[in-house]
Amino acid sequence: MTAIRDAILSGDRSAETYAGLAVPESYRAVTVHKDEVGMFEGRASRDKDPRESLHLDEVPLPELAPGEALVAVMASSINYNTVWTSIFEPVPTFGFLERYGRTSDAGKRHDLPYHVVGSDLSGIVLRTGPGVHIWAPGTEVVAHCLSVELEHHDGHNDTMLDPEQRIWGFETNFGGLAQLAIVKANQLMPKAEHLTWEEAASPGLVNSTAYRQLISRNGAGMKLGDRVLVWGASGGLGSYATQMALAGGATPICVVSSPEKAEICRKMGAELVIDRNAEGYRFWKDEQTQDPKEWKRLGAKIRELTNGHDPDIVFEHPGRETFGASVYVTRKGGTIVTCASTSGYMHEFDNRYLWMNLKSIVGSHFANYREAWEANSLIRRGLIHPTLSKTYTMDEVGQAALDVHRNAHQGKVGVLTLAPEQGLGVSRPEMRAELQSEIDRFRDV
């Protein structure tokens, strides 16, 4: 691994150099263990601690299958799916790996007593399997997290509809929180040259998810002038939705939970911000009963900010806690677009406000390759910026995941893997200098 790291840090990107490097038989990786899936039994979700379940192990390197690439990972990041994996909710991910293992000889490699987690990376291509000809060793890349077999006809209009669509590092093994990672070649995209390794690794999953959910015709299809209510607007997903709304000529209405988060939204350029804690919204009277008066109070606040208008689009991801309010406040004929459900999957809403007002609920899940590529292009062109607030080492991944689990972070949380320190990997310093303030908006917040 030292020789690989030294080659990357030297700046040499020739295919011959990387083809000549020896690939180690094992590598360091962040894992969960199959024999520990019951370790949190009896604890509430909020009390389950990723520091107890995430391990830093030395694991063997599997053989590459056709159509795959081996990437030396310089940096990765924490997404909520790593939190779910670490607390074994809603189900242990080993069930995904077992099912994948039954599909083929290549799939069998994934069915192991440990799971290498992580769904983001930035790094360098080291090797490619048979059939790969676009991506050469030495290429700087990031990876999106859609792993798809593309044998089934349903995947060829929109790969997210393929019955063998999986999220890499969550529903597959050999993820990005490691020194090495195995991805399909059609997960690879060019790294943004003006960003560091840790900055470039951080947008992948959330940026692509927000793009499909908000911009794509497969999601809400946002247009110029739309008013977009964004829940958690300073968070890992919402911060990208806020940026896209602003860049696309829409008006974001940012819902946050503190004055500090409100200030971050204003720094991004948003003018309409609601601090839900300061306003004291309580959408549930108890575990079983929602409070429609609170929906109406939120709707009145939105109309106060927008000069009498309801949102054209509600960007939903908290789920159970907020979904009833989201359906209520959306304008007649508007769209609630939903993913994730971090506060609970069992949504409840008053269907009168949906059916009688001709509103639409659209489910959205990650992004297909084209959508991920377009989202990555926005990053590379400096139209959308990473929202990296803090970066950890691999030894600190448990704490990083705990921060995300407890919502004690802003934007995205990065992890250095092979990179020895922060700030490396920039090859277009002149572009970076022009965008420095935007890149640093979330730093140390």
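1. A cavity, as the word is used here, is a set of grid points where a 1.4 Å probe fits but cannot get out. The model discussed below is predicted.

2. The structure holds 2 cavities of 30 Å³ or more.

3. Lining of the largest cavity. This cavity is lined by 16 residues, of which V142, A200, P203, G204 and N376 come closest to its centre. Two or more lining residues are supplied by each of strand β6 (140-143) and helices α7 (197-201), α8 (204-215) and α15 (369-380). By class, the lining has 11 nonpolar, 4 polar and 1 charged residues.

4. Lining of the second largest cavity. The class count for the second largest cavity is 5 nonpolar, 5 polar and 2 charged residues.

5. Second largest pocket. Turning to open space, the second largest pocket contains about 280 Å³. Its lining consists of R276, N277, Y281, R282, F283, W284, D286, E287, R320, E321 and S343. These residues divide into 3 nonpolar, 2 polar and 6 charged. For anyone setting up charges at this site, the charged residues in the lining include R276, R282, D286, E287, R320 and E321.

6. Disulfides. How many disulfides does the structure hold? The count is 0. Two cysteines can be looked at individually.

7. C265. The closest cysteine sulfur to that of C265 belongs to C254 and lies 4.0 Å away, which is too far for a bond. The cut-off that decides this is 2.5 Å between the sulfur atoms. C265 counts as buried because its relative accessibility is 0%.

8. C339. This cysteine is likewise in no disulfide, and its nearest cysteine sulfur, that of C145, is 11 Å away. C339 has a relative accessibility of 10%, so it also counts as buried, the limit for that label being under 20%.

How values were computed: Residues numbered from 1 in each chain as written. Predicted model: local features only at pLDDT ≥ 70, side-chain atom pairs only at ≥ 80, totals over all residues. Heavy atoms only, no water. 1 Å grid on protein atoms, 1.4 Å probe; cavity = no way out; pocket = protein on both sides within 12 Å on 5 of 7 lines; lining within 4 Å. Points joined across faces, edges and corners; volume = space filled by probe spheres on them. Helix = DSSP H or I, 4+ residues; strand = E, 2+ residues; numbered from the N terminus. Buried < 20%, exposed > 50% of the residue type's maximum accessible area, 1.4 Å probe, protein only.
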